[in-house]
Amino acid sequence: MEYIFGTWHWTISGFLIGVTMLILTYFGKTFGMSSNLRTLCSMAGAGKFTDFFKLDWREQKWSLSVVLGAIVGGFIAYHFLSNGTGVSLNTDTITQLQAIGIEAPNGKLLPDAIFSIETLQTPKGFSILLIGGLLIGFGTRYAGGCTSGHAISGLSNLQLPSLVAVIGFFIGGLLMAHLILPLIFKTT
Amino acid sequence: MKLARFFLTGVLFGIVLTKAEAVSWYRIYEMFHFQSFHMFGIIGTALCTGIVGLQLIKKKKVKDFNGFPIKIIEKERGFWRYVIGGTIFGLGWALVGSCPGPIFILLGTGTYAIAIVLIGALLGTYIYGLLKDRLPH
């Protein structure tokens, strides 16, 4: 049962993510999560301000269904398929995180230092979440895709633009993880 | 119900990403610090599965669910949009540890704070829509 309730091995996880992409291809669609953000903007009426959002969101109902399913999937996995062992990190990572004031996971998926309700109510905590979201939303639409659209769908189809995008993901990620995060979370 | 199969595919995706811990801020942090193989293994295996699967679909000219030929859309040509947009996304990915899929999935795990990230992501998408024609692509 450990195989189900503990952390899923990367071979199983990776295989099933690939299969998810192939299933959507078989359904005649393209796997990609960030385009839903555009659809949601259109539904909220953003088409009144710029043509980029003038699209018929009803054609994207299939994709919004995937999103709804993903939310339910997260709920099921979290409540019924977990034994609370959670993320296990190597000790170097834990020491490094503690130096910037982020606690060890101890069975949690996310650090309280960033995601707790208390943190959310501080100006700094709120700003980090909002700015992170802004960068994700702006960047994925500019690059025309995210991890699912480029790193999985695009690279699987051996697309050069997707390779360039994924290299970009890593340039940004490495800059943030190594240079900017330590500045943001420097313990005072 | 026409949408049920998409909903169920989403459920599979949500369960897998949660159990793989690809929705975990910690996993993204350790990936960018090269301190674990876990995330690289996941992306690598997904890619191998995807490459083999798509090649088979193309070679065997597999028909889709509705009996139509499967068309796999090529990405638009371009360079700057992929480098700059990719880098901006990477900054956000490493900051809050979630890409768009996990943002939605984490809503399901009951993480209220992720709603702020979602609002930010919607705003970011909207700002891109406003500036699109003035940006290099």
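**Exercise 1. Determine which residues of helix H3 of chain B are buried, and where they lie around the helix axis.**

Solution. Begin with burial, where a residue counts as buried if 20 or more other C-beta atoms, placed from the backbone, lie within 10 Å of its own, as exposed if 12 or fewer do, and as partly exposed in between. In this predicted model, the buried residues of H3(B) are B:His38, B:Met39, B:Ile42, B:Ile43, B:Thr45, B:Ala46, B:Thr49, B:Gly50 and B:Leu54. Seen down the axis of H3(B), these buried residues fall within an arc of 165° (taken over the directions from the helix axis to the C-beta atoms), so they line one face of the helix. The face turned away from that buried side carries the exposed residues B:Leu56 and B:Lys59.

Residues are numbered from 1 along each chain as its sequence is written, while chains are lettered from A and ligands numbered from 1 in the order in which they are written. Because the model is predicted, local features need pLDDT of at least 70 and side-chain atom pairs count only at pLDDT 80 or more, whereas totals for chains, interfaces and linings use all residues.

**Exercise 2. Compare the span of H3(B) with its expected span, and state what its buried residues pack against.**

Solution. Helices (H or I, at least four residues) and strands (E, at least two) are DSSP runs, numbered from the N terminus. H3(B), residues 38-59, has 22 residues and reaches 32 Å from its first C-alpha to its last, close to the 32 Å expected at 1.5 Å a residue, the expectation being 1.5 Å times one less than the number of residues. Its buried residues pack against helix H2 (10-26) and helix H9 (147-156) of chain A, together with helix H2 (25-32) of chain B; contact here requires C-beta atoms, placed from the backbone, within 7 Å. Just after H3(B), B:Lys61 takes a positive phi of about 50°.

**Exercise 3. Describe the side of chain B that touches chain A, by element and by class.**

Solution. The contact takes 100 residues from chain B and 105 residues from chain A. On the side of chain B, the largest share, 16 residues, comes from H4(B). By class, this side has 58 nonpolar, 30 polar and 12 charged residues, where Ala, Val, Leu, Ile, Met, Phe, Trp, Tyr, Cys and Pro count as nonpolar, Asp, Glu, Lys and Arg as charged, and the others, Gly among them, as polar. Among the residues of chain A that B:Phe89 touches are A:Leu135, A:Ile136 and A:Phe169.

Conventions. Two residues are in contact if their C-beta atoms, placed from the backbone, lie within 7 Å. Lists of a residue's contacts leave out its neighbours within four places in sequence.
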